[in-house]
Amino acid sequence: MTGLVADWLGAACLTAGALLSLAAGIGVLRFPDVLDRMHAATKPQVLGVLLLLAGVALRLRTASDVGMLVLVAVFQLATAPVAAQMVGRAAYRSGRVDRALLDTDELADR
Amino acid sequence: MTPGAGVGPAAGDGPGGPRRVAVGRGGRRRDQAVALGWLVLIWLLLWGDVSWGNLLGGLVVGVAVLLFFPLPPVTFGGRLRPGALLVLAATFAAELISASVRVAAVAVRPGYRPRGAIIAVPLRVRTDLNLALTAEVISLVPGTLILDVDRDQGVLYVHVLDVRGPGDLAASRDRVLTVERRVVRAIGSAAEVRQLHTPPADRRKKS
């Protein structure tokens, strides 16, 4: 019985995670410039990956697999912001930012 | 950027900026022991089972990592508050979900071009740890992206997605400061918590 519930919960997590990852992919394609794309590439994808990992954990339900999945989640959370910041900063400093899309830019006067 | 531009005389060594507090040898040893513990735990999780061989292997690899890739010491002057930590985690999870859905909706809405903005948010507590953790949480929550960090002045430069007016900018600024408040309440020292109640001065260099 608990197995059945966990299976269904896992399936729901997998579906939701896949949909979020799909939205992230569409965002990367559709957003006009680097910074907007970074939002799509790093953000819905963070929750998407977490949901996928939770779904897989609910399906597998063995201690060693769950440990590995927790590790993947922790490293995903720790590294995604760093990567996003590096790409965003590189894009800004090399002038690859479309200023027409910005309402204000308080980094410009620094 | 000259250090101390537009800042009071005691800006560098106030309670907000004890960045290079001398850490005694004992404190450094303790930090390394904690780091070794985490490294061994990660090693065990990677192998997937606990055995004497894995434990020994983890210790050897952990010591090697600490010896060959030493990190600058992080000064941790505060203390952990479980209640506030729980608040931080819960609000983070809630914001992660609601903001993910929002960015996903913006991404798939047909014919919609979101506008963005880059805002500078001076933090009230300028320790490295607070700066890093606040930036991390802000970055993980969709809709906000850290572009640059001014470590000396404690300013985060945040790119905000889907800005519709000045109200959204003020709201984003408040959100960053709210995250900072939760982080400091969870791990900051008593002096840092008091510092939260002073309004953030605009420490950016005026051009």
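1. Chain B contains 6 helices and 3 strands, where helices (H or I, at least four residues) and strands (E, at least two) are DSSP runs numbered from the N terminus. Read from the N terminus, its elements follow the order α-α-α-β-α-β-β-α-α. The model is predicted, so that local features need pLDDT of at least 70 and side-chain atom pairs count only at pLDDT 80 or more, while totals for chains, interfaces and linings use all residues. Residues are numbered from 1 along each chain as its sequence is written, chains are lettered from A and ligands numbered from 1 in the order in which they are written, and side-chain values use heavy atoms, with hydrogens and water left out.

2. Of the 207 residues in chain B, 42% are buried (under 20% relative accessible area, with a 1.4 Å probe and protein chains only). Its accessible surface is about 11300 Å², 67% of it from carbon and sulfur atoms; the areas come from the Shrake-Rupley method with a 1.4 Å probe.

3. An open sheet of 4 strands, with mixed pairing, has the order β1(A)-β1(B)-β3(B)-β2(B); two strands pair if DSSP finds at least two bridges between them. β1 of chain A and β2 (144-150) of chain B are at the edges, each with a single partner strand, so one side of each lacks a neighbour in the sheet. From one strand to the next, the twist averages 25°.

4. Strand β1 of chain A (residues 102-105) runs parallel to β1(B), joined by 2 bridges, and A:Leu102 stands opposite B:Gly116. The pairing of β1(B) with β3(B) (residues 155-160) is antiparallel over 6 bridges, with B:Ala120 partnered by B:Tyr157. β2(B) and β3(B) are also antiparallel, through 6 bridges; there B:Thr144 has B:Val160 as its bridge partner.

5. In strand β1(B) (residues 116-122), 7 of 7 residues are buried. In a regular strand the side chains alternate between the two faces of the sheet. Here B:Gly116, B:Ile118, B:Ala120 and B:Pro122 are buried on one side, and B:Ala117, B:Ile119 and B:Val121 on the other.

6. Helix α5 (residues 166-187) of chain B lies across β1 of chain A and β1, β2 and β3 of chain B, at about 40° to β1(B). Such angles, from 0 to 180 degrees, are taken between N-to-C directions of lines fitted to C-alpha atoms, for helices over the stretch in contact, contact meaning heavy atoms within 4.5 Å.

Technical notes:
Buried < 20%, exposed > 50% of the residue type's maximum accessible area, 1.4 Å probe, protein only.
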